[in-house]
Every structure is written in C-alpha cells, then in structure tokens.
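Visitor: Hello! Could you walk me through this structure, one question at a time?

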Amino acid sequence: MNPINTLIVRTLPLVPRPLVRLVASRYVAGETLDDAIRAVRHLNSEGCMATLDVLGEDVTNLSETDETVSEYLEALEAILAHGLDSNLSVKLTAYGLKLDPARCRQQFRRVLDAARERGVFVRIDMEDSSVTEETIRIFEESRRQTGGVGLVLQAYLRRSRADVARLAPLSPNVRVCKGIYVEPAEIAFQGHEEIRDNFMAILEDLFDAGSYVGIATHDDVLVERALAAIGKRGLPRDAYEFQMLLGVAVHLRHRLVSEGHRLRVYVPFGRSWHAYSLRRLKENPSIAGQIVKGFLRRG
C-alpha cells in the first residue's frame with residue numbers, strides 16, 4: 001500500500017465531512033429515498049438490476065429499530081410505485097440482533113412479510129463473525145416460510161463451505177462475497193489467494209447444489225474463474241447473477257451486462273452515509289489518496 005494512502009486511511013476519522021462527501025457521491029446514492037430512486041432508475045436504464053439498502057447497523061437502542069422498519073417499508077412501496085427492478089438488502093443488527101434476537105426477529109418479520117405480499121425479494125446481509133450463526137438461523141427460519149429471502153456467505157470465513165452443505169436442503173439463494181470485516185486467523189483465511197480459492201469452492205458447491213447464486217466481486221480474476229465455472233456447467237443466464245457495489249468497477253459492470261449476464265448493483269442510501277463512506281475508503285485506500293489529491297488541486 002502506498003505510504004501516503006496508508007497515512008490518509010489512518011487519519012480518516014479526522015477528515016472533514018465535506019471532503020468525505022466527495023467520495024460518498026460515488027458509493028452512496030444519497031441521504032434520501034428520492035436519491036436512491038434516481039440511482040436505481042439510472043441503473044435500470046443501463047440494464048442493471050439493483051438492491052436498496054437503508055444504511056445503518058449496530059443500533060444501540062431498540063427504539064431505533066422502528067425507524068429502520070419504517071424506512072424499509074417506504075423503500076418497498078417506492079419499488080412498486082416506480083416500477084423499479086430492485087430488491088431489498090438488510091443488516092439484522094439494524095433490527096437489534098445484538099441487543100435482543102427475539103425483537104430482531106419480530107421487526108425483520110414485519111419487513112419480510114410486507115415484501116412477500118408485494119413480491120419483492122429480501123437479502124439478509126452478513127456482518128461480523130459475532131452474529132454469523134444467529135444470522136444463518138434467522139435465514140433458515142425465514143426460508144422455511146418463503147422463497148423470497150436470501151443470505152450472504154463470506155469466502156474468507158473457514159466455516160462457509162460447511163454452511164453451504166448445511167443450507168443445501170433449503171435450496172438457498174446465496175450471495176457469495178469475500179468478506180470485509182477484520183477477523184482472526186483461526187476463523188478466517190488471511191491470504192489473498194486462499195480467499196479467492198475458497199470463494200470459488202463455495203461458488204462451485206452452490207452451483208452443484210442447484211442454488212441461485214449472486215457472484216459478488218469486483219476482482220477480475222474471480223470474474224473470469226466464475227465465468228469458466230458457469231461455462232463448464234452450461235448454466236443458463238437465469239441461474240446466477242453478478243453483483244457489485246455502486247461506484248466500483250464500472251467498466252467491468254458494463255462489460256458483463258453487454259455480454260448478457262444478469263448484474264445487480266448495491267444501492268445504499270440514508271443518513272448514515274458518513275460511516276459507510278469511511279468504511280469504503282478504508283477498504284480502498286488508493287481512492288482515498290485520489291480524492292485528497294483532487295481536493296488539494298482545487299484548493
């Protein structure tokens with residue numbers, strides 16, 4: 001990593017919010033639902049699907065979960081009202097998972113039931129390892145009630161292939177990603193290549209189990225390996241989709257869409273844009289450096 005970018009990453013909490021907002025416009029649709037609607041419309045016009053996510057996680061008070069539910073219900077109505085090709089993505093800690101798992105289930109069920117009634121798919125995102133098991137349990141409970149719910153598995157976790165075998169009887173819809181949370185070596189692979197290898201092993205396990213798979217990566221190497229695995233099995237285009245973050249690997253996104261592959265873009269929005277944007281910058285220090293250089297040039 002470039003030493004200057006490393007320094008920038010370490011001092012990100014001190015970066016003025018207006019400067020962070022410069023990069024937020026790339027990764028975040030905006031603070032309001034209207035901003036998100038505009039972003040999804042644009043993506044749909046490019047031939048991309050979308051998934052809406054109201055930013056926010058790790059609530060500290062259960063009273064906050066009512067607002068989370070309300071925001072998701074509004075997003076759900078907007079999807080229908082505007083005819084958007086989009087589903088929903090949720091983080092269970094925003095529903096109080098770490099505070100009260102029973103209450104979390106109740107609040108999440110409100111959103112899932114409303115989505116099921118309206119024919120909108122809901123993806124349960126995966127967070128840090130402290131909630132992995134409970135997240136999978138809530139998915140299992142939900143999947144037995146509806147096919148309109150999916151899960152995320154992280155390739156850097158050593159347990160993930162066993163989780164695929166565990167979930168196979170449910171014919172799960174699974175998004176596979178590398179994983180971004182800092183985890184200890186005893187539970188997570190640390191090497192770049194071993195994470196790639198496990199990503200592909202999970203992907204192939206899911207393909208062979210007949211699952212619908214969301215291939216969530218911006219890694220050119222993994223995209224090519226995934227395409228090879230798809231071609232080897234002769235999978236139809238409706239058996240999988242690629243998934244990417246808003247504002248990342250745009251040229252690769254356009255290429256996959258032009259080749260006829262289904263592709264979904266994650267569209268986050270909401271008042272918690274600042275914390276999310278800092279995380280994106282920490283994950284991609286080179287962009288942090290570019291933003292600061294551009295700011296200094298304008299100055």
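Predicted model: local features only at pLDDT ≥ 70, side-chain atom pairs only at ≥ 80, totals over all residues.

Visitor: Are helix 6 and helix 7 roughly parallel or roughly perpendicular to each other?

Guide: Helix 6 spans residues 132–143 and helix 7 spans residues 160–167, and they pack at an angle of about 20° with their axes 12 Å apart. Angles under 35 degrees count as roughly parallel. Helix 6 and helix 7 are therefore roughly parallel.

Visitor: Which residues of helix 7 make the contact with helix 6?

Guide: On the helix 6 side, the contact uses Glu133, Ile136, Arg137, Phe139 and Glu140. By class, the contact of the two helices has three nonpolar, no polar and five charged residues. From helix 7, the contact is made by Asp163, Arg166 and Leu167.

Visitor: Are the rings of tyrosine 95 and phenylalanine 108 stacked or edge-to-face?

Guide: This is one of three aromatic pairs in the structure. The ring centres of tyrosine 95 and phenylalanine 108 are 6.1 Å apart, and planes over 60 degrees apart count as edge-to-face. Their planes stand at 75°, so the pair is edge-to-face.

Visitor: How many residues apart in sequence are the parts that this pair ties together?

Guide: Tyrosine 95 lies in the loop between strand 2 (86–90) and helix 5 (101–118). Phenylalanine 108 lies in helix 5, so the pair ties together parts whose separation in sequence is 13 residues.

Visitor: Is tyrosine 95 buried or exposed?

Guide: Buried means under 20% relative accessible area. Tyrosine 95 has 0% relative accessibility, so it counts as buried.

Terms used: Residues numbered from 1 in each chain as written. Heavy atoms only, no water. Axes fitted to C-alpha atoms, helices over the stretch in contact; angles between N-to-C directions. Helix = DSSP H or I, 4+ residues; strand = E, 2+ residues; numbered from the N terminus. Parallel < 35°, antiparallel > 145°, perpendicular 65-115°, else oblique. Contact = heavy atoms within 4.5 Å. Nonpolar A, V, L, I, M, F, W, Y, C, P; charged D, E, K, R; others polar. Phe/Tyr/Trp six-rings, centres within 6.5 Å; stacked < 30°, edge-to-face > 60°. Buried < 20%, exposed > 50% of the residue type's maximum accessible area, 1.4 Å probe, protein only.
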